[in-house]
Each structure stands twice: as structure tokens, then as C-alpha cells.
Amino acid sequence: MESEELLELGEHASRREDRRIGLTMAIFAAGLAMVTLMGHRLHTEEVVLQTKVVDGWAYYQAKSTRSQMYGADARLAELQGTAGAALARVWTEKAAAETTQAADIRRDTEALDRETEATARRANFFDASEVFLEISIVLCSIALLTGGVRFWQVSFGSAALGLAAGAMGFWPR
């Protein structure tokens, strides 16, 4: 073989390797787009849930305050003697009803708070996946720039970590 043929063969082999690396980058980029989208959606869901939690605690506080107010009104009515006894019973019943409703609201809000925390944990897995896939793409870019396949090979390890983190994000807890 002549030297020109050897150079052409070397260039052809290099271009084939570059195409592999480019295809790998495209696959990693598609995975990156997917986990980024899922992470953004979960963070949005987390904000919506957190807003509901805040509303729930505000509603609980209102019910609790109203219960205390009715209890105070009942005690004031009792001070009126027999004339206020019937009114005191009504206020006491209202205070008890508000306390029961407040307890239900508290239980529901605590459950919603746990759901918010679980959503945040899932979103964090997608964020970690995003970082690992971005590192994989950078490693592929370095492989293209340097012409060395070692960076390309290492990128698969980072991509595997990214896929594992992404899979954990899909896992409901």
C-alpha cells in the first residue's frame, strides 16, 4: 500500500469513529431532553403542591382560631348564668365542630406535605440525571476535539449513572 492510501484509510476510520461519537452524543442529548422535561414538570408539580400545603395550613389556622373564639364565647355566655347556659352549649358545640374539622384539615395537609416532599425527591433524581448526561455530552465533545476515544468510552459511565438516576426519578415513592 502506498502512503496516500494509508492516509485515506486512516481518515476514513477516523470519520467513522467521529460518526459513532456524534451518534452517541445525539442519543445522550435525547435522553437529556427527556429527563430535563420530567425534572421541570416535577418541580412545577412540587410548587403547586406546596401552594396547596400553604393554603391547607392557613385553613387549619383559621379553623383553630375560630374554635378558640367559639370556646371563649361559650365561657362568656356561661358568665351570664342560667340565661346564657343555652347559648354557651351552642358555642361549645360549634367550638367542638371547628376543632374536629381543624384536625381533619391538619391530617390532610400533613399527607399533602409528605406528597410534596416525595415529588421534590423525585425531581432531584431527574436533576442529577441531567448533570450526568450533560457530563457525558461534554466528554463526547472532548473526544471529537482531541480525536481520542478514551473520553468517549468514559462518557458511557457517566451516561449509565444518568440513566440510573433518571430511572429512580420515575419510581414513585
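I began just after helix 2, where Gly147 takes a positive phi of about 80°. I note that this is a predicted model.

I then checked the length of helix 2, which covers residues 82–146. At 1.5 Å a residue, its 65 residues should span 96 Å, and I found the end C-alpha atoms 95 Å apart, which agrees.

Next I picked a residue within helix 2, Thr116. Is Thr116 buried or exposed? Its relative accessible area is 3%; the cut-off for buried is under 20%, so I logged Thr116 as buried. Leaving out residues up to four places away in sequence, I listed what Thr116 touches: Glu46, Leu49, Gln50 and Val53.

I turned to the whole chain. The secondary structure comes to three helices and zero strands, and reading along the sequence I get the pattern α-α-α. The radius of gyration is 32 Å, while the globule rule gives 16 Å for 173 residues; the chain is therefore more spread out than a compact globule. Along its principal axes I have the C-alpha trace spanning about 120 × 20 × 15 Å.

For burial, 30% of the 173 residues count as buried.

Last, I looked at charge. The chain has 18 positive and 23 negative charges, and their mean positions are 9 Å apart.

Note on methods: Residues numbered from 1 in each chain as written. Predicted model: local features only at pLDDT ≥ 70, side-chain atom pairs only at ≥ 80, totals over all residues. Heavy atoms only, no water. Helix = DSSP H or I, 4+ residues; strand = E, 2+ residues; numbered from the N terminus. Expected span 1.5 Å × (residues − 1). Buried < 20%, exposed > 50% of the residue type's maximum accessible area, 1.4 Å probe, protein only. Contact = heavy atoms within 4.5 Å. Rg over C-alpha atoms; globule rule 2.2 N^0.38 Å. Lys, Arg positive; Asp, Glu negative; His and termini not counted. Charge placed at Lys NZ, Arg CZ, Asp CG, Glu CD.
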